[in-house]
Structure formats: structure tokens, C-alpha cells
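User: I would like to go through this protein's fold and its charged pairs. Could we begin with the overall architecture?
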Amino acid sequence: MPSKKSQKSSRSHRSTLSLQKTEIIINVYDLLPAGRVASTLWFLGTSLLHSGVVINGKEYAFGGHDRRGVTGVYWTRPKTEPPGGTFKCELLHGFTLAPQNEIDAIIREASEEFVGPSYNLLTKNCNHFTSYLCQRLTGRPGPSWLNRAASIGLALPCVVPRDWIQPPDVVTADGELLDDDDHADESSRMLRSSSEQPRLVDQSGRGNVTPDPADLDSEDERQLGGTGKGKGKAPAVRDAAGRTLPASERAPVPRDWDHL
């Protein structure tokens, strides 16, 4: 029969386990090409930003696509830069005392709330998702400055430059502007050389789904940064308001999602 001392120690151990804290980290990326303008806007807190929430070694973010009823929430290896993006900073937003099963449940609920076709560059973007998930996990939303450019664009649509609302075309390291196909080729090489491709959060319990870049139709290739040359030219992916979605704000969706 266990002694009172061992029973007390066991209870203390279980109590300690139940109160373990999980860090909630926000990673921030600048979507504007490096240069004086981007540096100035970053300093003023009005740059065009992408963000993701890091939980237990996975970075969760939200992107758009046109598959009705399919989530736009996906995860990557932390600090994986989106196409055209530059990692800027890591913010320790807070902690959650929720056990892993509760964290998983909150992420599933978020994936149902943030479906791909609902993505809107101004009113429901990746930074809105970051704020939502932080609120659910810590009781505090993400920093409001993450979405300052979108807020200004929503309030003053006639006077805000287009580049504050929609990221410009990607520029190479040599300063050359890429067209759509060149941008796709460069992004495709980046993804295919990485062992950590984006994985869409699955709402049905099948597990996370990773698109195979070798088996994508043209539309999906563009969503993942592929060439889009295999099966004809597909229309551009657009947000809920009809704006063309840049590659950095698209979620990876497998062609055969419905049959997985």
C-alpha cells in the first residue's frame, strides 16, 4: 500500500503536469520587397504583413482558395517564409494552460471558421486568423498593428496605394521582377527542395494532408507555387471580394482532397 508521502508526491506531480504552460508565439513576415519603402513602412507600423501562430513546433496560418467548404488553415515549419515574404520577428504572445486535446479542438474549430473561400484581403486575412487563435488560446487577441495596413485600406479605399492592400509581384535577389510563370517556377523549386511543405489542417480527423507537387493540376500548382503548365491555364485564385490572391496568401489544397 503506497505511503501517504508517495500519494502526496503523486498528486503534486499530476497537479504540476496539469498546469504545464504552452507558449503561443507569433511569427511576422513582411510581404513588401526589401528596400527603403518597406523599411519606412515597417518603422511606421504600416507595412503589409503575413503572420502565423506557433504552437508546439507547428506554425498555423490562414490562406485563401476556391474549394467550397474546405478549410484555409494550414501549418508549416516555424519561420518558413511565404512566397515573396521576409521573416521579420518572433513575438512571445503569451501562454495557454490548455492540455493538448483542448488545443487541438480549438484549432479544429478555427479551421471550420476560417474556410478558404471566405478569405478577404481586408476583412478576413491571415492576421485576423492570428488574432482569433491567440484570443481563443490566451484570452488576448494578436497585436492590432499586424493588420494596420488592411484597416487603413478598409477605411480609406480610395487613397490607399494598391501595394498596401495586395502584395506586389515578387522580386528576385538580383532585383528583377518576376512574371507569374517565373514566380511560380521559383516558388516551386523552393517548396520541392524543402522537407517541410505546407500541410492543410484536416477537419474530418483524417490527419493533416500534404499536397504532392508532382501530382497537381494547374490551379493547385499556382496555389503551391508550382508551374501551372501541365494541364492548361487556370483562372487566378481570388478572395471573397474578387481580388487576386498573391501566392503568399493562398492555402495549399490537394487536387483530390474530396477523395482522400
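Architecture, core and salt bridges

Analyst: In this predicted model, the secondary structure of the protein amounts to eight helices and six strands.

User: In what pattern do they follow one another along the sequence?

Analyst: The pattern is α-β-α-β-β-β-β-α-α-α-α-α-β-α.

User: How many bridges join strand 4 and strand 6?

Analyst: Two bridges join them, in the antiparallel sense. Tyr74 has Leu200 in strand 6 as its bridge partner.

User: Turning to packing, how many residues are in the largest nonpolar core?

Analyst: That core has 27 residues, and Ile55, Tyr60, Phe129, Leu133 and Leu137 have the most contacts inside it. At least two of its residues come from each of strand 1 (22-30), strand 2 (49-55), strand 3 (58-62), strand 4 (73-76), helix 3 (100-113) and helix 4 (126-138). Another core, of six residues, lies apart from it and includes Val70, Tyr74, Leu200 and Val253.

User: What is Phe129 in contact with, leaving aside its neighbours within four places in sequence?

Analyst: Phe129 is in contact with Tyr60, Ala61, Phe62, Val73, Ala110 and Phe114.

User: What share of the protein is buried?

Analyst: Buried residues account for 46% of the 260 residues. The protein exposes about 13,500 Å², of which carbon and sulfur atoms supply 52%.

User: And what share of the contacts join residues at least 24 apart?

Analyst: Among contacts between residues at least 6 apart in sequence, the share is 70%.

User: Changing topic, how many salt bridges does a search of the whole structure find?

Analyst: The search finds four salt bridges. One of them joins Glu109 and Arg136, whose closest N and O atoms are 2.7 Å apart. Glu109 belongs to helix 3 and Arg136 to helix 4, so this pair ties together parts that are 27 residues apart in sequence.

User: Which residue forms a salt bridge with Glu113?

Analyst: Glu113 pairs with Lys124, with 3.7 Å between the closest N and O atoms. Glu113 is in helix 3 and Lys124 in the loop between helix 3 and helix 4, 11 residues apart.

User: Why is Lys124 classed as buried?

Analyst: Lys124 has a relative accessible area of 18%, and buried means under 20%.

User: Where does Arg243 find its salt-bridge partner?

Analyst: The partner is Asp239, and the two side chains meet at 3.1 Å, N to O. Asp239 counts as buried, at 6% relative accessibility, whereas Arg243 is partly exposed, with a relative accessible area of 25%.

Definitions and conventions: Residues numbered from 1 in each chain as written. Predicted model: local features only at pLDDT ≥ 70, side-chain atom pairs only at ≥ 80, totals over all residues. Heavy atoms only, no water. Core = buried A, V, L, I, M, F, W, Y, C linked by side-chain atoms within 4.5 Å. Buried < 20%, exposed > 50% of the residue type's maximum accessible area, 1.4 Å probe, protein only. Helix = DSSP H or I, 4+ residues; strand = E, 2+ residues; numbered from the N terminus. Contact = heavy atoms within 4.5 Å. Areas by Shrake-Rupley, 256 points an atom, 1.4 Å probe, with all protein chains shown as cover. Pairing = 2+ DSSP bridges.
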